[in-house]
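Please look over the sequence and the structure shown below, and then read the notes that follow, which take up a few selected parts in turn.

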Amino acid sequence: WYNSTDSKGHRLIHELVARRLDAALDYALNASMLDIEARRDCDGLTALQLAEKRKYQEMRDILIKHRAS
């Protein structure tokens, strides 16, 4: 369920970044519940690319801590 997409092609990891839910993102990544390199179907962005595009430094830092590339 955590790597499935919604009607817009977004995965849970992208929704957590877009909504700036940093504690939830960190928890899910610690629990190995998310594919950190998953790309959105709608534009091909990874969660890290989305965080950088939106200038969400705190989200970017969490993703990098968990070895996103």
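## Thr46 and its contacts

Once neighbours within four places in sequence are set aside, Thr46 is in contact (heavy atoms within 4.5 Å) with His14, Glu37, Ala38, Arg39 and Ser69. Thr46 is found in the loop between helix 2 and helix 3, where helices are DSSP runs of H or I with at least four residues, numbered from the N terminus. With 3% relative accessibility, Thr46 counts as buried, a term that means under 20% relative accessible area, as against over 50% for exposed and partly exposed in between, with a 1.4 Å probe and protein chains only.

## Basis of the model

The model is predicted, so that local features need pLDDT of at least 70 and side-chain atom pairs count only at pLDDT 80 or more, while totals for chains, interfaces and linings use all residues. Residues are numbered from 1 along each chain as its sequence is written, and side-chain values use heavy atoms, with hydrogens and water left out.

## The largest nonpolar core

A nonpolar core is a set of buried Ala, Val, Leu, Ile, Met, Phe, Trp, Tyr and Cys residues joined through side-chain atoms within 4.5 Å. The largest one here has 18 residues, of which Ile13, Val17, Leu25, Leu29, Leu34 and Leu63 touch the most other members. Two or more residues each come from helix 1 (12-18), helix 2 (22-30), helix 3 (47-54) and helix 4 (57-65), and helix 3 gives the most, with 4 residues.

Leaving aside neighbours within four places in sequence, Ile13 is in contact with Leu25, Leu29, Leu34, Asp35, Ile36, Ala47 and Leu63. Leu29, which lies in helix 2, is buried with a relative accessible area of 9%. With the neighbours within four places again left out, the contacts of Leu29 are Ile13, Leu34, Ile36, Ile62, Leu63 and His66; Leu29 and His66 are 37 residues apart in sequence and 7.0 Å apart in space, C-alpha to C-alpha.

## Helix 3 against helix 4

Helix 3 and helix 4 pack at an angle of about 155°, with their axes 8 Å apart; the axes are lines fitted to C-alpha atoms over the stretch in contact, and angles run from 0 to 180 degrees between N-to-C directions. Helix 3 and helix 4 are therefore roughly antiparallel to each other, the word used for angles over 145 degrees.

Where the helices meet, Ala47, Leu48, Ala51 and Glu52 in helix 3 face Met59, Arg60, Leu63 and Ile64 in helix 4. The residues of this contact divide into 6 nonpolar, no polar and 2 charged, where Ala, Val, Leu, Ile, Met, Phe, Trp, Tyr, Cys and Pro count as nonpolar, Asp, Glu, Lys and Arg as charged, and the others, Gly among them, as polar.

Technical notes:
Angles under 35 degrees count as roughly parallel, over 145 as roughly antiparallel, 65 to 115 as roughly perpendicular and the rest as oblique.
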